Amino acid sequence: MKDYKLIVIGAGPGGYVAAEQAARLLDGPVAVVERSQLGGICLNWGCIPTKALLKSAQALHYAQSASEYGFSASEVKPDIEAIVARSRAVSGQLSKGVEHLLTKAGVEIIYGEGFLEGEGVVKVTSAADGSVERIHAEHIIVATGSRPNALPFAPIDGEKIICYYQALMPRRIPASIAIIGSGAIGSEFAFFYRSMGSEVTLIEYVDRVLPVEDDDTSAAVSRAMRKMGIKVMTSAGVQSVDISGEACVLSVQTKKGLETVEAEIVLSAAGVKPNTDMIGLEEIGVELVRGKVKVDEWYRSSVPGVYAIGDIVPGPALAHVSSAEAICCVRHIAGAEVAPVDYGNIPGCTYISPEVASVGMTERAAKEAGIDYRVGKVYFLSSGKAVAAGQKDGFVKLIVDASTRRILGAHLVGDNVTEIIAGIVAARAAGATVDTLAWAVSPHPTMSESVSEAARQIIDNL
């Protein structure tokens, strides 16, 4: 039986980062077991290919709006085969990059299904020929990620009812699509398919789109969606989906009563389910809580030597969270300096148009907590950079504790705001006050100037 210092099961943004870190920090061989593609769902079927599709949609919008920028372009239309091919090529290139990273670090890559047998033993069933081998390690990190959550009334068949796998690689653009769920996945696909020409109906069970975001953000996104022709249904619960006919027929309970929605295709975008089954976790005594592994701040499970990170532990199911957990876990194992992940300072981004980025508390949460707070809000309509770029929609909204002057939350809607939020995350991590943001000098002209303006607005109201 081959022996390693550490084995990682799963090579997504948590697993491959953990393996690379371990190869550098631990004294001993490291292996990663991956059943499919290096980079996991994020790189191959989630974050990266989705952003490639959305970039094509943005380029299409610019071409179709050429006259607004002083030039003409005729007969501009999407080529879905070329768009999908570009998206897959981007994922393929980055997956090869992960392979190079791991190989260069000295990580052994084993393609197969990993199963925990206890006492540090992992049974690996080869992805190539089904042969079985057993390997052993002092430490095992489980990073098996998640899969689409199947809805009982809308079972995924890959044809009429699809998940993000099929949505990423359409053979053609459907005339119409109904999307169940308006989180980041549902909203991003709504923008993509509408940009490609589909009639889109977005159905959300709660009272607003992007329900984890600030109310002002949800309202701005809802307006943008409706402006581009997306039909938005909130406080709407899908009761059933009939796929027996040529079209999919959805029965949707709304405040007005039971309504019918017809669409060529239905996209189920109602969250994900952790991959904690069928890998031996419960069999060896690892404690699960509501399907996720119970871990401490260093990602140790209830079984010594077994760790868990990423979508299979409590916390936001986000790629950057998985990577942060990987670094924290491995550095703790190695005895290197590290601080626990601060889950109160995790940024969230949605790559629609305009983009959405946020960190910390929403105004609703601050109000419910009984905090005396102040709000500063600056619209990009007054930003020289935004106006020059033709991207005037959106705003910067800061929420600050009136007594401590600490930044409780930040909520941004606008072009490229996903690139701005990191500065606010760093400021919060450093314990900065609103004064720090207010008096820091931003370059001009940039949309980031609006952060300082919002901060100064708050100072004038303290």
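Hi everyone, and thanks for coming. Before we start, please keep in mind that this is a predicted model.

Let's begin with helices. Helix 1 covers residues 15–25, and helix 4 covers residues 80–105. They pack at an angle of about 25°, with their axes 9 Å apart. Angles under 35 degrees count as roughly parallel, so helix 1 and helix 4 are described as roughly parallel to each other. Their crossing is left-handed. If you want to find the contact on your screen, helix 1 brings Tyr16, Ala19, Glu20 and Ala23, while helix 4 brings Val98, Leu101, Leu102 and Ala105. What is the make-up of that contact by class? Seven residues are nonpolar, none is polar, and one is charged.

Now a second pair, helix 3 and helix 6. Helix 6 takes in residues 184–195, and it packs on helix 3 at an angle of about 40°, with the axes 9 Å apart. This pair is therefore oblique. Here too the crossing is described as left-handed. From helix 3, the contact uses Thr50, Lys51, Leu53, Leu54, Ala57 and Leu60. From helix 6, the partners are Glu188, Phe189, Phe192 and Ser195. Sorted by class, the contact of helix 3 with helix 6 holds six nonpolar, two polar and two charged residues.

Which strands does it pair with? If you like a landmark, look for Asp3, whose bridge partner in strand 5 is His136. Strand 4, residues 121–126, pairs with strand 5 in the antiparallel sense, over five bridges. There, Lys123 has Arg134 of strand 5 as its bridge partner. Strand 4 and strand 5 also form a hairpin, with five residues between them. In that turn you will find Gly130, with a positive phi of about 80°. Then there is strand 18, residues 306–308, which runs parallel to strand 5 and is joined to it by three bridges. The landmark for this pairing is Ile140, whose bridge partner in strand 18 is Val306.

While we are on strand 5, let's look at His139, which sits in it. Is this histidine buried or exposed? Its relative accessibility is 12%, so His139 counts as buried. Leaving aside residues up to four places away in sequence, His139 touches Lys5, Leu6, Ile7, Gly305, Tyr307 and Ile333.

Strand 12, residues 248–254, pairs with strand 13 over seven antiparallel bridges.

Where are the cis peptide bonds I want to show you? One joins Ser353 and Pro354, with omega about 5°. Pro354 is in the loop between strand 19 (348–350) and strand 20 (355–360). Another joins His444 and Pro445, with omega about 0°. Pro445 belongs to the loop between helix 12 (434–439) and helix 13 (449–459).

Finally, two residues other than glycine with positive phi. Glu75 has phi near 50°, and it lies in the loop between helix 3 (47–64) and helix 4. With 77% relative accessibility, Glu75 counts as exposed. Tyr299 has phi near 70°, and its loop runs between strand 17 (292–293) and strand 18. Tyr299 has a relative accessible area of 3%, so this tyrosine is buried.

To recap one point for those clicking along: Glu75 is exposed, whereas Tyr299 is buried. That's my tour, and I'm happy to go back to any part of it.

Note on methods:
Residues numbered from 1 in each chain as written. Predicted model: local features only at pLDDT ≥ 70, side-chain atom pairs only at ≥ 80, totals over all residues. Heavy atoms only, no water. Axes fitted to C-alpha atoms, helices over the stretch in contact; angles between N-to-C directions. Helix = DSSP H or I, 4+ residues; strand = E, 2+ residues; numbered from the N terminus. Parallel < 35°, antiparallel > 145°, perpendicular 65-115°, else oblique. Left-handed = near helix turned anticlockwise from the far one by under 90°. Contact = heavy atoms within 4.5 Å. Nonpolar A, V, L, I, M, F, W, Y, C, P; charged D, E, K, R; others polar. Pairing = 2+ DSSP bridges. Buried < 20%, exposed > 50% of the residue type's maximum accessible area, 1.4 Å probe, protein only.
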